[in-house]
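Please look over the model shown here.

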Amino acid sequence: MIITGKYPNLRLRRNRNSDWSRRLVRENTLSVNDLILPIFLVEGKNKKQSIKSMPEIYRYSIDRLSEVVDKAVSNRIPMVALFPYTNSKLKNNNGTESLNEDNLVCRAIQYIKKKYKNSIGIMCDVALDPYTSHGHDGLLHKGKILNDETVEILVKQSLLQAQMGCDVISPSDMMDGRIGEIRKSLDKNKFKNVQILSYAVKFASSFYGPFRNAVGSNSLLKGDKKTYQMDYSNNLESLREVALDIKEGADMVMVKPGMPYLDIIRMVKDNFKIPVLAYQVSGEYSLICNGINKGIVDKSTIIEILTGFKRAGANAVVTYFANKIAKNLK
Ligand code: PBG
């Protein structure tokens, strides 16, 4: 630590005295370039369904998707993340709907790519939980999640999404070894330029509750995800997860959830020179909304929290607030 003076010569309040000066010495600034907007999809026509667990968040049918994507594009948000609500009729033990080339996500990717070209990026989760009747991200056999057998399906799911035009493949399943296998298969199939964003550090968290309601997997979920998602008591293990995924070919890594894990973002950032993204998850979103709606805190908490992600070292944040706050950032 370099001490450059002492009181009364040194008065740290001097730099804070006026708005222009505070702006001048500001160390971290949140911009729209730092935001990724998640979008929920639903089958059908002319649908914009509200979601009980998430205030002011909706599921869109493809024919109304432009309402939300138009906004994201005009706000200059760099990327959207697509999440399908799958009809329970289409769910089964092995999540085979994930490989249906006419499934909801595939059609949404094609629609967005055709209409918006390259003015906005598309990322898609790679995991089986929207499609399995037990709500797990992988294959469930005799009460256990099968790793290598799941990876084989994830590779196919990734390839399918890439073929549809997905820009950023985002495995969120936490199986071991999937990044390397997915990279290999993308490269073999002429998708060398499709990026991989690994949810490398994903904790088994209670903050995912509202999301599981939004995609319709919460009532189905048998047990918990603790045998594949990380134990939230750990931090050093994050470094192993990230190191492995970088070696296997990840272009970016994600830390998830967000606010309770700022220490992890900082640690990953200090240890690896790779873009680090944070996911401000559904439970965080809904808690903040409740605080605002009940008058406990005001709206400015949103930007304060998101700036905290930047300060912790995140290059970007996946946030359900993206479209809502974009105007405040211009
Ligand atoms: C599924 C997935 C989850 C989220 C993103 N992808 C839930 C889970 O792992 O159970 C959570 C996102 C959120 O809570 O906003 N693999």
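## Salt bridges across the chain

This is a predicted model. The structure holds 16 salt bridges. One of them joins Asp34 and Lys310, with 3.1 Å between the closest N and O atoms. The pair links distant parts of the chain, 276 residues apart. Asp34 sits in the loop between helix H1 (19-25) and strand E1 (35-41). Lys310 belongs to helix H10 (residues 300-312). Asp34 has a relative accessible area of 7%, so it is buried. Lys310 is at 17% relative accessibility; the cut-off for buried is under 20%, so Lys310 counts as buried too.

Lys225 and Asp129 form another salt bridge, at 3.9 Å from N to O. Lys225 lies in the loop between H6 and H7, and Asp129 in the loop between strand E5 (121-126) and strand E6 (139-141), so the bridge ties together parts 96 residues apart in sequence. Both Lys225 and Asp129 are buried.

## Charged patches on the surface

Which residues gather in the patch of negative charge? They are Asp148, Glu149, Glu152 and Asp176. Asp148 is found in helix H4, which spans residues 147-164. With a relative accessible area of 53%, over the 50% cut-off, Asp148 is classed as exposed.

Arg16 is placed in the segment before H1.

## Ser217, a loop residue

Ser217 is in the loop between helix H6 (209-214) and helix H7 (236-248). Is Ser217 buried or exposed? At 1% relative accessibility, Ser217 counts as buried.

Leaving aside neighbours within four places in sequence, Ser217 is in contact with Lys91, Asp129 and Arg212. Of these contacts, Asp129 also takes part in the salt bridge with Lys225. Lys225 is placed in the loop between H6 and H7, where Ser217 is also found.

## Asn118, an exposed loop residue

Asn118 lies in the loop between helix H3 (104-116) and E5. Asn118 has a relative accessible area of 68%, so it is exposed. Ser217, by contrast, is buried.

What does Asn118 contact, leaving aside its neighbours within four places in sequence? The contacts are Lys113 and Asp167. Asn118 and Asp167 are 49 residues apart in sequence. In space, their C-alpha atoms are 9.4 Å apart.

## Summary

Ser217 is a buried residue in contact with Asp129, among others. Asn118 is exposed and in contact with residues including Asp167.

Conventions:
Residues numbered from 1 in each chain as written. Predicted model: local features only at pLDDT ≥ 70, side-chain atom pairs only at ≥ 80, totals over all residues. Heavy atoms only, no water. Patch = residues over 30% accessible without salt bridge, like charges linked within 9 Å, V, L, I, M, F, W, Y side chains within 5 Å. Areas by Shrake-Rupley, 256 points an atom, 1.4 Å probe, with all protein chains shown as cover. Salt bridge = Lys/Arg side-chain N within 4 Å of Asp/Glu carboxyl O. Lys, Arg positive; Asp, Glu negative; His and termini not counted. Charge placed at Lys NZ, Arg CZ, Asp CG, Glu CD. Helix = DSSP H or I, 4+ residues; strand = E, 2+ residues; numbered from the N terminus. Buried < 20%, exposed > 50% of the residue type's maximum accessible area, 1.4 Å probe, protein only. Contact = heavy atoms within 4.5 Å.
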